[in-house]
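Here is a short report for a reader new to this structure. It covers charged pairs, cores, a surface patch and a disulfide.

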Amino acid sequence: MIDDSIREDLGTSVENTCNREPLISVIVPAYNEASNIEKLFKGLKKELEVLQCYEVILVDDGSSDGTADLARRVASRLGLRASIIRLDVNSGKPRALLEGFSRSLGMYVGVIDADLQYDPKDLVAMVRNAIDHGYDAVFGERIDPSRDLVRKLVSLGAKILAKLLIRKAWKARDPTTEIYVIRREKLERCLGAIRPRIKLGLEILVRCRLNRVSWIPVTIRPREGEESKFKFIWIPSYLWQILELTDYFTLRYIVGALAALPISILLWNYIGILAPFVGAAVKWIFIWRDIGLGSTLAVKALATAIKIAEVAAWPVTALIELILIHLLRGTRI
């Protein structure tokens, strides 16, 4: 819940400064980032003043280090047009972002972390790119020179998994990015469908109807202040998000394959080579919303031909079948 008594509009109000809605609402999720607030706000003010019409919404996600109080004082001293929202308990970055989205007024909504890993200059460049070319969203393609090898491998694996399993992410340069700008009109239409999952940018990329999207390279700087908040428990959370975004397609296919296997084996002695196609029909029952029966049978025919020709062992043909099924799946999401 939000303690509205400590939410304040700081500096000059956006409404009094702009003759129209703010051009950009910058959402800053923060958890125990008191050591970074002053430098962050100075950077935001320097870059956003060029746009003139803006608002900053910092969402303090139940910090215990006085992040919200310090943010209030620093913004007031700098004259930064900002609102501070304090959540009573730590609910996670995705919920903090969704709260910020719901309070935003800008024509565009941007996201930047409070840990100073992203340069506010990049965010402004993304806003300008969206305005100049009429993009619905501009995402940051992260260049990551400073992280350790383990974090780089985890990040790379997450990107590959999203691109392989989520059709809308195929052409995404960095589907798990955490810095982006989106037209508020587009965001409002899909806000109800966005779930508070670990990679909210991926939720937006998949669930929002974005007709024109651009990517801008952004360099991740070494984190200042406290150590990284990364937790390996986030990995299963991300895998669950992938399952949700694909409507559990892979899981449904695997269940169908397990159901079809004994049926195919049982029927082989009676109908021979037709048995695998009966099994394919059983699999199709689990994935019919995404793939036509004809496509399912065609994939099975190819896999069966490879197996009969002894080009590859059955585990390889099963993998080929899995990959082809995923490539052929529909575009419901």
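## Salt bridges

A salt bridge is a side-chain nitrogen of Lys or Arg within 4 Å of a carboxyl oxygen of Asp or Glu. By this rule the structure has 25 salt bridges. This is a predicted model, where local features need pLDDT of at least 70, side-chain atom pairs count only at pLDDT 80 or more, and totals for chains, interfaces and linings use all residues. Residues are numbered from 1 along each chain as its sequence is written, and side-chain values use heavy atoms, with hydrogens and water left out.

Helices (H or I, at least four residues) and strands (E, at least two) are DSSP runs, numbered from the N terminus. In helix α2, K42 and E38 are four residues apart, about one helical turn. Their side chains meet in a salt bridge at 3.4 Å, N to O. Burial has cut-offs too: buried means under 20% relative accessible area, exposed over 50%, partly exposed in between (1.4 Å probe, protein chains only). K42 is partly exposed at 46%, and E38 is partly exposed at 29%.

Helix α7 holds the pair E185 and R189, four residues apart. Their salt bridge spans 2.9 Å, N to O. E185 is partly exposed at 44%, while R189 is exposed at 63%. A network of salt bridges links K93, D113, E178 and K199.

## Nonpolar cores

A nonpolar core is a set of buried Ala, Val, Leu, Ile, Met, Phe, Trp, Tyr and Cys residues joined through side-chain atoms within 4.5 Å. The largest has 40 residues, and V26, V28, F41, L44, L48 and V56 touch the most other members. β2, α2, β3, α3, β4, α5 and β8 each supply at least two residues of this core.

Take L48. Contact means heavy atoms within 4.5 Å. Beyond its neighbours within four places in sequence, L48 is in contact with I24, V26, Y54, V56 and V124. Another core, of 35 residues, lies apart from the largest one; I57, A162, L165 and L205 are among its members.

## The disulfide

A disulfide is a pair of cysteine sulfur atoms within 2.5 Å. There is one disulfide by this rule. It joins C190 and C208, with sulfur atoms 1.9 Å apart. C190 lies in helix α7 and C208 in the loop between α8 and β8, so the pair ties together parts that are 18 residues apart in sequence. The torsion about the S-S bond is about 60°, so the disulfide is right-handed. Both C190 and C208 are buried.
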